[in-house]
Number of protein chains: 2
Amino acid sequence: MNTPANPPVNAHESTSPVPPARTLADPDTPFAVVDGAVMRRNIARLKDRADRLAVTLRPHVKTAKSLDVASFLHTGTPCPVTVSTLAEAEAFADGGYSDITYAVGIEPHKLPRVIALLRRGVTLRVLLDSTEQATFVAEAARRAGIPVPAQLEIDCDGHRGGLRPDAPGLVAIGRILHDAGCLDGVLTHAGESYFAHGAEEQRLAAKNERDTAVAAAERLRAAGLPVNVVSVGSTPTAHAAEDLTGVTELRAGNYVFFDLVMAGLGVCRVDDIALSVVVTVIGHRPEHGWIMTDGGWMAMSRDRGTAAQAQDQGYGLVADLAGNLVPGLVMTAASQEHGTLAARDGAVLPDLPVGARLRILPNHACATAAQHRGYHVIDGTRPNDPAPGIETFWERVTGW
Amino acid sequence: MNTPANPPVNAHESTSPVPPARTLADPDTPFAVVDGAVMRRNIARLKDRADRLAVTLRPHVKTAKSLDVASFLHTGTPCPVTVSTLAEAEAFADGGYSDITYAVGIEPHKLPRVIALLRRGVTLRVLLDSTEQATFVAEAARRAGIPVPAQLEIDCDGHRGGLRPDAPGLVAIGRILHDAGCLDGVLTHAGESYFAHGAEEQRLAAKNERDTAVAAAERLRAAGLPVNVVSVGSTPTAHAAEDLTGVTELRAGNYVFFDLVMAGLGVCRVDDIALSVVVTVIGHRPEHGWIMTDGGWMAMSRDRGTAAQAQDQGYGLVADLAGNLVPGLVMTAASQEHGTLAARDGAVLPDLPVGARLRILPNHACATAAQHRGYHVIDGTRPNDPAPGIETFWERVTGW
């Protein structure tokens, strides 16, 4: 755990004259908090699964974007990781990570930064799904005199990019890469699994993801092209896969924190959610049944991922500082710096004075975390401890 | 205009080995861009209106959160401003702004930072709508030996917080403040005007906002309580108000940049939108009719404000770098770092190679701007200039 010598009281306003943060009652709100005990449990759960499935785990660090969080993914030796931006790749390379997959389709303008990372000794794997990309990657590798490991993005469920394993151009693209010493493997992501409800649908999504990636790899191999990496993964499918024969590595990112979307899918329970936002009551509108807080969409994000689920959770569920859910209380609306809480299912609106603090559990951890510079960290909660102690502060990597 | 000696090439990755940014074709994507010429036109439009209506304009700086942008709001002498966080208040105080309204209900924990700003000579006005808030503000002022200017939040349309002007407690709360030397005025915000379609609905919303604020002020005055400030405003009502008799000041924030929500309401035209996000094409899915880009919700935000309007604009409309709309092209879906563009209304998908750059016009400028550290600034566009030159970089205030 990376404990700075002078942990910021509140990363958002380090010049503020508030006393050092000791508990969740101290920093000015709103702020993000991570329960390290819950996070470590989530990390251990998927690590055990990957070990049982005999695949390498390559966590996607786009959710937490934190070297401190990542340090819990391994036991000292930096593990393979997946990133969503070159800024993450560069920050993780600075932190000693040397095996990084940049899982967004490559475009020519970004190649100088890719080459620069490769020259530093980082195995930076890029992703592509077209002849034009394979051609400029091969040319850049030849020009730089260094192979650019490239993976073919395979589409398993029509979610966004990628080639179907039977796409006419697949082998030709693989050959362009192979001839330049750049063919590294295939990668697929079951993005539609975020809409796969329940264990059986997720199991089928995981089987389809695995079958599609392996089919693409076999087709390339049948054409005489070596395929080293067969990479699959999403948080729902990573937790549902039963057999990953032919797959070499598993990716997932959200699982480190989890969120209400994942709980709604049944991938985790609500008490597995490690990320929340501490807010303060700033007013009441009893005639509307509202409690107003100082946590709006700037603190939670505009993500309404549970709107598409059987149980719409608004902008989030509400807990006390010790993490106990307040029964029936939901964040139903958000302005920039205002949140509206209301009761549902016949629940009684609790009596919370101005100044009372609450924790909002997010719909989508990746989006909520992105609204903050970092995380105040607690290490579990205890029934008789109304304001858990703050252990440290973990900063995020930002930008592109 | 604040031009730093060494403007960052790309604020998101200042260590990247790309050449200095000279045009919108240079920085790595995605990045936010502000057209300064369009912004100045928007600023002049509302300033003229406020002058004609004979009220002080107190812009809300929560949209741009930039001292550089704010410098265009006045001619050298910092103007009154509205802020949404104490971090903004502190940053603007550092920048010489001495008349600041913090337009989010006050809670006790934040009072030390409020008092600290008052002690620096900043007139920091706070907002409240309850006896409990008035009591702790009055107590804090007495304890500190300095008045805390407080405004009563008045609810004109049931949008979120505030007291109705006929609320039983209104005068009693005013008296608590007055007795402590803290009563400053009344403030209302027609938040529901974001759903007022067309000029007539907006005119009525503006009249209601004015009438409600003035009624609350008159009721307090009738009880012998002095009311100095009568503050109203929202971007739609500020542009629709015809008579602000009895009002002393007008607030609006979004108008500096405008966005597709405001264009959908008819408050501005699409070519008044000063903020956009430059993205790059990273792939194609012709079988789905999709163009994939590297601008996802991390760059645009998850805001889907136009979903409630007659014309849903997805995650944004698409223009070329010179700002010309690409007919029929819309950003229809967003992953964290992937955007999906598709044609609508029978439009033909344009032929854009991997590496082509586009500008996405946002639904909600406040939310999109918040995803970025600052703005690359251009000064208008010219028909024969495919990549407008970058003049400077303006940083944002972040956090709380």
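Trainee: In which class does B:E90 belong, buried or exposed, and at what relative accessibility?

Mentor: Burial is read from relative accessible area (buried is under 20%, exposed over 50%, partly exposed in between, with a 1.4 Å probe and protein chains only). B:E90 has 8% relative accessibility, so it counts as buried. Bear in mind that this is a predicted model, in which local features need pLDDT of at least 70 and side-chain atom pairs count only at pLDDT 80 or more, whereas totals for chains, interfaces and linings use all residues. Residues are numbered from 1 along each chain as its sequence is written, chains are lettered from A and ligands numbered from 1 in the order in which they are written, and side-chain values use heavy atoms, with hydrogens and water left out.

Trainee: Where is B:E90 found, and which side chain does it join in a polar contact?

Mentor: B:E90 is found in helix α3 of chain B, residues 86–94; helices (H or I, at least four residues) and strands (E, at least two) are DSSP runs numbered from the N terminus. Its side chain and that of B:R113 are joined by a polar contact of 2.9 Å, the term covering N or O atoms within 3.5 Å, where within protein one must be able to donate a hydrogen and the other to accept it, and residues adjacent in sequence count only through side-chain atoms on both sides.

Trainee: How many residues does each chain bring to the contact between chain A and chain B, and what area is buried there?

Mentor: Chain A and chain B each bring 73 residues to the contact, which means heavy atoms within 4.5 Å. The area buried between them (accessible area, 1.4 Å probe, lost on putting the two parts together and summed over both) is about 5,500 Å², with 55% of it from carbon and sulfur atoms. On the side of chain A, A:H109, A:R160 and A:W400 supply 15% of the area buried against chain B, more than any other three residues.

Trainee: Which residues have the most contacts inside the largest nonpolar core?

Mentor: A nonpolar core is a set of buried Ala, Val, Leu, Ile, Met, Phe, Trp, Tyr and Cys residues joined through side-chain atoms within 4.5 Å. The largest has 101 residues, and A:I100, A:L124, A:L152 and A:F257 have the most contacts inside it, while α5(A) gives the most to this core, with 7 residues. Apart from it lies another core of 99 residues, including B:L124 and B:V247.

Trainee: Which peptide bond involving A:P30 is cis, and what is phi of A:A54?

Mentor: The cis bond joins A:T29 and A:P30, with omega about -5 degrees, and A:P30 is found in the segment before β1 (31–35) of chain A. In chain B, the bond from B:T29 to B:P30 is cis, with omega near -5 degrees. Phi of A:A54 is near 60 degrees, a positive value in a residue other than glycine; A:A54 is in the loop between α1 (36–53) and β2 (56–57) of chain A and, at 67% relative accessibility, counts as exposed. A:D345, not a glycine either, has a positive phi of about 55 degrees and counts as exposed at 71% relative accessibility.
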